[in-house]
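The following paragraphs lead through a structure, beginning with a single residue and its surroundings.

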Amino acid sequence: MEQDDALFRALADPSRRLLLDRLFERDGQTLGELETALPQMTRIAVMKHLRVLERAELVVSHRSGRRRLHYLNPVPIRRIHDRWLDKFRMRAADVLLALQTFMEEPTMGTDTTTTERPRFVSQIFIRATPEQVWRAITESEFTQRYYYGSTVESDWTPGSTFRYSISGNDAIVGTVVEAEAPRRLVQTFDARWDDDVAADEPSRLTWELEETAPGITKVTTIHDEFPSQTATYHQVSGGMPFILSGLKSLIETGEPLAPREAAATA
């Protein structure tokens, strides 16, 4: 696949891998901050590397006030991961990676020294119109097949409430802040799916849908307004790549990324 080729070409360069490492250590950095990872390079050279990573969908840039911040986009890696690992191999690989992390001195992870509130950005391109993607985001007919088996209830008008539920139990509840179908949806996000996240304050989730070519929609999710690196923040950063990959698979092929029982244990 052409996009897979771009992904592997981007990852083949050690300088680009170093930039990804820096974003893994602390997401949401400016060009100037990322330049410090490659002091031997000019600003233009670093910009070129970032453009390659953006074309491969490994990095997403998003404006925050007057600054343009760069975020690590894990969705393409998740798609490659799911392409060659079934749910049983996934579990075995997770155990081995956890053991390796435990045995080695930690050199990577989320930087907790920053005073900025954490933010998580993901992006994917889907061969569909914005209208088709909007329906898949807002209708239970679709969410049950890619969003951890959840149904969703709302009239999707500003000020209205919404509710995602799994087997009749609240998973996410909140309020629709903005709704500009089929382009933009902003929601408060009060997670309820386990005791850890239920203790957290609500955050905010934004969906941005942009038709970049006829029949091609760029889907960007921005999850922010976390008071700190809460349980919700950590779980969302792992779960959103799976959700977006499942959304793409369902719309483009008519089949979910994984059976519901696999999604429930991912």
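Leaving aside neighbours within four places in sequence, Arg119 is in contact (heavy atoms within 4.5 Å) with Asp27, His62, Arg63, Ser64, Tyr71, Ile222, His223, Asp224 and Tyr233. The model is predicted, so local features need pLDDT of at least 70 and side-chain atom pairs count only at pLDDT 80 or more, while totals for chains, interfaces and linings use all residues. Residues are numbered from 1 along each chain as its sequence is written, and side-chain values use heavy atoms, with hydrogens and water left out.

Arg119 lies in the loop between helix H6 (87–103) and strand S3 (120–126). Its relative accessibility is 17%, and Arg119 therefore counts as buried, a term for residues under 20% relative accessible area (1.4 Å probe, protein chains only). With the side chain of Tyr71, the side chain of Arg119 makes a polar contact at 2.7 Å; such a contact is a pair of N or O atoms within 3.5 Å, where within protein one must be able to donate a hydrogen and the other to accept it, and residues adjacent in sequence count only if both atoms are side-chain atoms.

Across the chain, 44% of the 266 residues count as buried. The chain contains 11 helices and 9 strands, taken as DSSP runs (helices H or I, at least four residues; strands E, at least two) numbered from the N terminus.

Helix H2 (residues 14–25) and helix H4 (residues 43–55) have axes, lines fitted to C-alpha atoms over the stretch in contact with angles from 0 to 180 degrees between N-to-C directions, that come within 10 Å and cross at roughly 80°. H2 and H4 are therefore roughly perpendicular to each other, the class for angles of 65 to 115 degrees. Ser15, Arg16, Leu19 and Leu20 of H2 meet Val46, His49, Leu50, Val52 and Leu53 of H4 in this contact.

Key
Buried < 20%, exposed > 50% of the residue type's maximum accessible area, 1.4 Å probe, protein only. Parallel < 35°, antiparallel > 145°, perpendicular 65-115°, else oblique.
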